[in-house]
Amino acid sequence: MAIDPVCGMDVDPEKAKGESLYNGEKVYFCALRCKERFDAEPEKYLAGLCALEKLPRVNAHPLQDARHSPKNVRRVSLPITGMSCASCATKIEKGLTGLSGIVEASVNFAAEKINISYNPDDVHVSDFVKAIKELGYGAGVASVSIAVKGMSCASCVEKVTKALNAVDGVVSASVNFATEKATVNFLPTVVGVDALIKAINSGGYKALYQSDEEDLLARDEREKKEEEKRLRLRFIVAAIVAVPVMTGSFAGMIPRVPSFLGNNYLLFVLATPVQFWAGWRFYRGAFIAARHFTTDMNTLIAVGTSAAYLYSAAMTFFPNFFEALGFSTGVYFDTATAIIALILLGRLLEMRAKAQTSEAIKKLIGLSPRTARVVRGGVELDIPASDVVEGEIVIVRPGEKVPVDGKVFDGSSSIDESMISGESLPVDKEPGDIVIGATINKTGSFKYRATKVGKDSTLSQIIRLVEEAQSSKPPIARLVDVIAGWFVPVVIALASLTFVIWLIFGPAPAFTYALLNFIAVLIIACPCAMGLATPTSIMVGTGKGAENGILIRGGESLETAHKLNAIVFDKTGTLTRGEPAITDIVVAHDVTIASKGLSMEEGVLFYAASAEKGSEHPIGEAIVKKASAKGIALSNPIGFNALPGHGLIAEVDGRVVILGNLKMMADRNIPIENLLKETERLSDEGKTPIFVAVDNKAVGVIAVADTLKENSKEAVSALKKMGLTVAIITGDNRRTATAIGKELGVDRILSEVLPEDKAREVKKLQDEGKKVAMVGDGINDAPALAQADVGIAIGTGTDVAMEASDITLIGGDLRAIVTAIALSRATIRNIRQNLFWAFFYNVLLIPVAAGALYPFTGMLLDPMFAAAAMGLSSVSVVTNALRLKRFRPALT
């Protein structure tokens with residue numbers, strides 16, 4: 001065995017990926033990349049050659065560096081999706097071997113797997129996944145949502161996130177404080193869910209996971225209700241007890257208050273259960289944090305209220321001792337009790353407000369049908385919708401919900417899909433059409449065959465995407481998490497500094513002032529407001545998007561979308577219907593057609609459609625469809641003969657009919673001068689002219705085009721009004737593309753672009769400094785969607801396009817793009833408002849609580865008011881986020 005001098009891996013010379021000659025000796029490499037590095041800088045790796053034991057040791061041995069040690073090289077195997085041939089495997093290998101820290105990447109096309117050897121100090125598994133995705137393929141990354149109990153503030157989020165990201169095999173982890181959920185993307189080939197749960201639990205929190213999403217949601221809902229019930233009970237007890245404690249504390253100042261209420265021993269008895277029973281959650285949280293050498297919101301509350309309580313208890317039982325030391329004998333049981341009651345009230349209001357932010361998910365799950373009528377053994381049976389299996393025949397009657405996704409094969413109806421796509425008008429369904437589970441059948445009865453059931457159904461996928469989006473974080477939130485991680489220790493330091501300054505420089509009684517200001521600083525600081533500022537807005541915003549048929553993949557997509565200033569539309573299937581349609585029928589003025597009493601235009605269509613009858617060519621089908629729509633009875637063609645690239649010849653009712661292009665007419669010596677002017681006009685409009693000749697005489701031209709979708713013009717116009725540069729990209733010739741572009745009023749037209757060059761065109765726009773969105777629906781759009789800052793896929797398109805996108809429109813209405821961008825702007829604006837309030841609150845009021853205004857105004861902040869303000873700050877942030885529920889689409 002030899003040693004690769006670049007990475008330190010053992011290499012079998014017979015299986016080496018490369019070799020070089022150095023001073024007459026062969027050097028072997030485990031990967032071509034290592035050979036390229038060595039050949040470029042042989043002196044740099046000279047020390048590694050001592051492993052050959054034929055050269056003297058020179059300078060330091062790089063293998064002594066742990067990063068180059070074979071022991072530090074890890075290996076991982078990933079499934080790869082989207083490969084179509086061996087060249088795909090080569091492309092992925094080259095793409096990954098270019099990453100720093102990759103020792104070797106080997107793709108097995110047959111097994112659809114990639115084996116990677118890498119240095120974990122230089123590269124992370126998330127880099128592999130990102131690189132594979134950017135190449136246009138998918139990696140075998142699984143996603144799981146785990147409920148996390150026991151988080152009390154934003155710093156807890158940071159701890160759980162770090163714990164999960166530290167687990168080998170985790171691609172990314174995002175923890176949402178508002179939903180109390182962790183969404184983890186991981187490699188199942190490396191790590192299992194059990195390890196993720198263990199990482200969470202080891203941090204002092206409680207992880208809950210159940211494979212059945214609906215059961216987990218129900219369990220989570222039940223636990224939240226029980227938690228709210230316990231919290232309400234503790235608040236009520238604390239509030240009731242706080243009244244006599246506060247009244248007794250001011251017994252000498254309030255008339256007609258019995259003097260016994262001012263007894264310190266009675267106040268101690270009343271305050272103790274509030275401190276240690278109602279406030280136990282704060283002690284528990286602080287203890288868990290301390291056990292892991294960290295601090296959080298609970299630490300602030302526990303230290304602050306304990307300072308007031310313990311000082312008061314000491315004054316109650318040892319008053320003479322403190323009097324001798326010159327301390328005031330006043331007690332502050334009222335402060336500790338009122339703070340706990342007010343903070344519990346704030347938590348209760350916050351919990352109720354947060355519950356409203358997740359209404360979108362609850363509504364989506366509520367759409368799921370409970371039962372289905374299926375045919376088994378020739379008998380109709382009503383069964384739970386969850387028991388329907390793929391391929392089973394399902395019957396739906398008027399007024400019923402469609403239980404699962406499927407394809408209609410018998411009957412027709414009109415279906416309300418508004419709950420899925422956001423489009424209000426019912427959609428007609430006939431045999432061959434797709435129906436979606438949870439939509440409502442309006443009129444007729446029909447039978448269909450189930451194609452997607454359970455977690456594969458459209459509704460389940462929508463729920464999964466919305467949950468993942470709600471659990472994600474935009475880049476702006478990551479900065480907040482970093483600040484929140486340092487926030488509590490800084491506040492404790494500031495509170496301690498406040499205590500010392502007041503104790504040394506404060507007026508008499510200095511200790512009392514120092515203590516109260518120390519407590520006020522601890523209590524008024526609110527990392528909760530910072531922790532809630534982003535996730536609550538993301539939850540409401542993504543939920544609102546789902547209501548309007550817009551699936552936003554995550555917080556990063558939402559944040560980027562508001563910065564967009566350019567948008568590129570793929571033409572075919574996105575702006576247009578994606579199938580040819582008859583737009584014009586031009587009749588030659590110098591001919592007549594005797595055909596069953598039809599008009600001249602209908603006569604041209606009759607002969608053309610009869611000749612095309614039974615044709616499978618898209619243009620032929622469009623011509624036949626047009627004739628059927630006009631109610632024209634067609635004849636059966638005889639001697640049908642298709643000439644690829646030219647046209648066709650057939651006999652209809654004894655007459656020879658020729659359909660084709662200009663070359664077809666020229667080859668048959670059919671004069672077309674009387675139609676050339678109209679043909680040029682149609683071509684300039686981006687339409688394809690098809691000549692129709694009967695008995696060797698040109699009788700007319702039928703124009704075919706891929707027509708624009710109903711709302712394309714309106715969507716483009718609205719996007720331009722929003723300040724975006726609008727472009728179309730197409731493989732069509734310049735004339736056709738220009739015609740479509742002019743009709744739409746776009747700013748740029750990118751024509752004759754090959755599918756593989758679409759991503760390059762998007763990159764060119766980005767190089768101009770633009771934030772670009774790409775809208776597409778086909779497989780060949782996937783690389784461009786991935787290249788764009790925001791990829792937007794049409795839900796009626798392919799799964800590959802939707803997988804590569806950041807935003808998916810469930811329906812085909814392009815006006816939803818306008819709504820998506822407007823929603824993004826509204827959500828980010830809301831997040832900024834929340835963050836401003838959260839930071840402004842803390843920056844302004846912490847100095848006030850420390851007594852910064854005392855030298856100028858003589859004003860100090862009572863700790864009880866600090867507690868009320870702290871609770872109000874969290875509630876205000878959540879309430880502001882809920883305003884997004886009033887968002888309405890600009891175009892409907």
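Here are some friendly notes on this predicted model, point by point.

1. Let's start with the chain as a whole. Its 892 residues include 51% that count as buried. The secondary structure comprises 31 helices and 34 strands. Among contacts in the chain with a separation of 6 or more, 66% are between residues 24 or more positions apart.

2. The crossing of H4 past H5 is right-handed.

3. Which residues in H4 and H5 meet? On the H4 side they are Val-160, Ala-163 and Leu-164, and on the H5 side Leu-196, Ala-199 and Ile-200. Sorted by class, this contact has 6 nonpolar residues, with no polar and no charged ones.

4. Now compare your view of those helices with helix H16 (residues 510–524) and helix H31 (residues 863–882). Here the axes come within 8 Å and cross at roughly 5°. Angles under 35 degrees count as roughly parallel, and H16 and H31 are therefore described as roughly parallel to each other. From H16, the contact draws on Leu-516, Ile-519, Ala-520, Ile-523 and Ile-524; from H31, on Pro-863, Ala-866, Ala-867, Ala-869 and Met-870. By class, the residues of the contact of H16 with H31 are 10 nonpolar, no polar and no charged.

5. What does E23 pair with? One partner is strand E30 (residues 725–729), which pairs with E23 in the parallel sense over 5 bridges. In that pairing, Ala-566 stands opposite Thr-725 of E30. Strand E32 (residues 772–776) also runs parallel to E23, and 4 bridges join the two. Here you can find Phe-569 opposite Val-775 of E32.

6. For an antiparallel arrangement, turn to the open sheet of 3 strands with the order E18-E17-E20. Strand E18 (427–429) and strand E20 (440–441) are the edge strands, each pairing on one side only. Strand E17 (residues 413–416) is joined to E18 by 3 bridges, and these two run antiparallel. If you want a residue pair to check on screen, Ile-415 has Val-427 in E18 as its bridge partner.

7. Finally, a single residue. Where is Tyr-607 placed? You will find Tyr-607 in helix H20 (residues 600–612). Its relative accessible area is 3%; buried means under 20%, so Tyr-607 is buried. Between the C-alpha atoms of Tyr-607 and Pro-637 the separation is 9.4 Å, and these residues are 30 residues apart along the chain.

Methods:
Residues are numbered from 1 along each chain as its sequence is written. This is a predicted model: local features need pLDDT of at least 70, side-chain atom pairs count only at pLDDT 80 or more; totals for chains, interfaces and linings use all residues. Side-chain values use heavy atoms; hydrogens and water are left out. A crossing is left-handed if the near helix is turned anticlockwise from the far one by less than a right angle, and right-handed if clockwise. Contact means heavy atoms within 4.5 Å. Ala, Val, Leu, Ile, Met, Phe, Trp, Tyr, Cys and Pro count as nonpolar, Asp, Glu, Lys and Arg as charged, and the others, Gly among them, as polar. Two strands pair if DSSP finds at least two bridges between them. Axes are lines fitted to C-alpha atoms, for helices over the stretch in contact, and angles run from 0 to 180 degrees between N-to-C directions. Angles under 35 degrees count as roughly parallel, over 145 as roughly antiparallel, 65 to 115 as roughly perpendicular and the rest as oblique. Buried means under 20% relative accessible area, exposed over 50%, partly exposed in between (1.4 Å probe, protein chains only).
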